[in-house]
Amino acid sequence: MNLHPLEDRIVVRPAESEERTASGLVIPDTAKEKPQQGQVLAVGPGKRAESTGEIIALDIKVGDTVVYSKYGGTEITVDGEDLLILNGRDVLAKVVK
Amino acid sequence: MNLHPLEDRIVVRPAESEERTASGLVIPDTAKEKPQQGQVLAVGPGKRAESTGEIIALDIKVGDTVVYSKYGGTEITVDGEDLLILNGRDVLAKVVK
Amino acid sequence: MNLHPLEDRIVVRPAESEERTASGLVIPDTAKEKPQQGQVLAVGPGKRAESTGEIIALDIKVGDTVVYSKYGGTEITVDGEDLLILNGRDVLAKVVK
Amino acid sequence: MNLHPLEDRIVVRPAESEERTASGLVIPDTAKEKPQQGQVLAVGPGKRAESTGEIIALDIKVGDTVVYSKYGGTEITVDGEDLLILNGRDVLAKVVK
Amino acid sequence: MNLHPLEDRIVVRPAESEERTASGLVIPDTAKEKPQQGQVLAVGPGKRAESTGEIIALDIKVGDTVVYSKYGGTEITVDGEDLLILNGRDVLAKVVK
Amino acid sequence: MNLHPLEDRIVVRPAESEERTASGLVIPDTAKEKPQQGQVLAVGPGKRAESTGEIIALDIKVGDTVVYSKYGGTEITVDGEDLLILNGRDVLAKVVK
Amino acid sequence: MNLHPLEDRIVVRPAESEERTASGLVIPDTAKEKPQQGQVLAVGPGKRAESTGEIIALDIKVGDTVVYSKYGGTEITVDGEDLLILNGRDVLAKVVK
């Protein structure tokens with residue numbers, strides 16, 4: 001199955017076990033929002049600008065590793081794999097290793 | 001009976017039993033929003049752009065399989081069949097099999 | 001008495017007993033929003049576009065049968081008959097039989 | 001005392017006892033919003049369009065009978081008479097008898 | 001002390017005891033919003049229009065008697081006198097006696 | 001330490017004990033919002049207009065005494081002194097003595 | 001690991017123990033919002049202006065010390081270090097020592 005996101009949405013495969021420090025200690029959850037990382041599997045064409053009607057491409061490419069807000073996005077199970085559909089605005093930063 | 005959606009609305013026939021994995025295990029509901037799939041039966045002409053007044057056609061066609069947010073949409077029973085009227089913005093992605 | 005709706009409002013006479021299936025079974029109410037049908041009795045001139053100041057006519061005509069959101073609209077009793085004043089944006093689809 | 005409403009506001013004298021049917025039966029209140037009728041006593045010059053800066057006159061004249069949303073408006077007592085100051089957008093329809 | 005309101009704000013000296021009828025009866029408070037009257041002591045230069053950047057002067061002058069929404073405004077005590085700083089949009093009507 | 005506010009923010013040193021009348025009586029707090037006064041220590045360059053992209057300078061200067069809404073602003077302690085960072089829109093009026 | 005913030009987001013390393021006065025006394029928390037300081041580690045390219053489509057660079061540079069609202073931002077742990085991803089609009093002021 002193949003997902004083609006609409007507008008400024010992207011499909012992300014969440015990375016696992018990011019909630020520990022470099023030394024391997026597990027960070028307990030606090031009331032603060034914590035982002036998560038994942039790999040971008042598909043990117044929509046972009047959203048139409050309200051003023052000009054022009055489509056604005058996202059600054060995100062397939063294969064990018066992104067940090068996103070944990071409260072954004074919609075979970076979807078594709079071929080037994082748990083993926084996320086996010087809005088482009090839920091992506092906070094790209095990770096360059 | 002025939003439904004002609006207005007503006008950027010679409011009529012969708014929800015697919016059944018999507019909430020299990022490829023291996024057939026049922027996924028228990030969590031607090032997270034889960035999308036659903038369906039087939040597009042009718043598509044509105046599109047919404048008028050606020051800035052230019054031009055009608056913007058949807059990037060969705062009759063016959064498309066779409067993933068949509070479970071909290072969007074309005075249920076309607078047509079000829080004994082349960083359908084959904086969605087806004088175009090509630091559609092997250094198209095599925096290409 | 002004659003009602004002339006302003007802007008993009010319409011006057012609708014709600015149809016009765018739409019909440020049953022083709023085979024006649026009554027559908028119990030769930031927490032989900034269910035639309036209703038009705039016949040359009042009067043249509044306003046349309047809303048003024050914010051950007052251009054131009055009046056945008058509604059894509060709805062007197063005599064149309066429309067499906068509308070149950071939570072929209074204002075009830076009004078005219079000559080002993082219960083009618084609804086809706087915003088054009090509360091109309092989801094037109095029904096062509 | 002003379003009231004000059006600003007912008008798109010109007011002054012309305014509410015009609016009395018509209019909440020009964022043609023045959024004279026009193027309709028009990030339900031949870032649904034019910035509009036009321038009144039006569040227009042004064043009309044503001046209209047609101048300035050955000051895009052063009054032009055003042056848009058209201059489609060309501062002094063002497064009109066209007067149906068308005070019960071939850072809109074501000075009560076004011078002028079010379080012992082209870083009047084309402086409404087926004088133009090709270091007026092749903094004009095009544096032509 | 002002299003107050004120079006910014007943007008579309010005005011300074012108002014509230015009139016006293018407006019909550020009685022012409023015949024002198026005190027009107028008990030209801031849940032409905034009731035306006036109050038006052039005299040305008042100072043008027044700001046007006047707000048900048050979002051589209052054109054032009055400053056739009058208020059249609060209110062020093063010395064005007066205005067009716068305003070009771071829930072708007074900020075109380076301030078100047079030289080032992082209780083005044084109100086209102087936004088221009090909280091003014092419903094001017095009173096011409 | 002020197003604070004350079006961004007956009008339309010300003011830094012204010014709150015005046016003390018403004019909540020009494022000219023005759024020296026302390027005014028008890030009511031449920032109504034009461035403004036406070038302070039002296040402007042720093043002013044940001046202004047906000048960018050959404051329509052034109054032009055930066056709009058604030059109508060407030062360093063040294064001005066301003067009345068501001070008590071619920072706006074962010075407290076900050078600089079060199080042992082309690083200051084406030086306000087948005088320009090939280091300033092209601094300038095005080096000219 | 002290297003973070004490239006998108007749009008108008010920035011990455012900040014929070015400064016420690018700012019909640020005491022110049023004389024070293026710890027300030028107890030009140031219900032009021034208190035800002036925090038930090039050093040800017042990375043700055044996004046800026047947000048696209050809605051009206052013109054042009055990208056507006058932030059007035060913040062890598063190395064700046066900024067005061068930001070405590071309620072804004074998303075915590076992220078990078079290489080065992082707790083950082084914050086903020087929106088540019090959550091930054092209140094720059095600190096020049």
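**Exercise 1. A strand pair and its sheet in chain F**

Task: Which residue is the bridge partner of F:Ile10 in S8(F), and in which sheet does S8(F) take part?

Solution. Step 1: F:Ile10 has F:Leu86 as its bridge partner in S8(F). Strands here are DSSP runs (E, at least two residues), while helices are runs of H or I with at least four residues, and both are numbered from the N terminus.

Before going on, a word on the model: it is predicted, so local features need pLDDT of at least 70 and side-chain atom pairs count only at pLDDT 80 or more, while totals for chains, interfaces and linings use all residues. Residues are numbered from 1 along each chain as its sequence is written, chains are lettered from A and ligands numbered from 1 in the order in which they are written, and side-chain values use heavy atoms, with hydrogens and water left out.

Step 2: Strand S2 (residues 9-14) of chain F runs antiparallel to strand S8 (residues 81-87) of chain F, and four bridges join them. Two strands pair if DSSP finds at least two bridges between them.

Step 3: S8(F) belongs to an open sheet of seven strands with antiparallel pairing, in the order S1(E)-S9(F)-S6(F)-S3(F)-S2(F)-S8(F)-S7(F). At its edges are strand S1 (2-5) of chain E and strand S7 (74-78) of chain F, each pairing on one side only. From one strand to the next, the twist averages 40°; axes are lines fitted to C-alpha atoms (for helices over the stretch in contact), with angles from 0 to 180 degrees between N-to-C directions.

**Exercise 2. The sheet with chain G**

Task: Which strands are at the edges of the sheet that begins with S1(F), and what stands opposite G:Ile76?

Solution. Step 1: The order S1(F)-S9(G)-S6(G)-S3(G)-S2(G)-S8(G)-S7(G) describes an open sheet of seven strands, paired antiparallel. Strand S1 (2-5) of chain F and strand S7 (74-78) of chain G are its edge strands. Neighbouring strands are turned by 40° against each other on average, direction ignored.

Step 2: S7(G) is joined by five bridges to strand S8 (residues 81-87) of chain G, and the two run antiparallel. Within S8(G), G:Leu83 stands opposite G:Ile76.

**Exercise 3. Strand S8 of chain C**

Task: Why is strand S8 of chain C described as largely enclosed, and which strands pair with S8(C)?

Solution. Step 1: Five of the seven residues of strand S8 (residues 81-87) of chain C are buried, so this strand is largely enclosed by the rest of the structure. Buried means under 20% relative accessible area, exposed over 50%, and partly exposed in between (1.4 Å probe, protein chains only).

Step 2: Strand S2 (residues 9-14) of chain C pairs with S8(C) in the antiparallel sense over four bridges, and C:Val12 stands opposite C:Leu84.

Step 3: Strand S7 (residues 74-78) of chain C also pairs antiparallel with S8(C), over five bridges. Here C:Thr74 has C:Ile85 as its bridge partner. S7(C) and S8(C) form a hairpin with two residues between them, and C:Asp79 in the turn has a positive phi of about 50°.

**Exercise 4. Positive phi and exposure**

Task: Where is A:Asp79 found, and is this residue buried or exposed?

Solution. Step 1: A:Asp79 is found in the loop between strand S7 (74-78) and strand S8 (81-87) of chain A. Its phi is near 50°, a positive value in a residue other than glycine. Most residues other than glycine have a negative phi.

Step 2: With a relative accessible area of 54%, A:Asp79 is exposed.

Step 3: For another case, take C:Glu7, whose phi is also near 50°. C:Glu7 lies in the loop between strand S1 (2-5) and S2 of chain C and counts as partly exposed at 34% relative accessibility.

**Exercise 5. A lysine in chain D**

Task: Which backbone oxygen does the side chain of D:Lys94 reach?

Solution. Step 1: D:Lys94 is found in strand S9 (residues 91-96) of chain D. Its relative accessible area is 16%, so D:Lys94 is buried.

Step 2: The D:Lys94 side chain reaches the backbone oxygen of D:Asp59 at 3.1 Å.

Terms used: A polar contact is a pair of N or O atoms within 3.5 Å; within protein, one must be able to donate a hydrogen and the other to accept it, and residues adjacent in sequence count only if both atoms are side-chain atoms.
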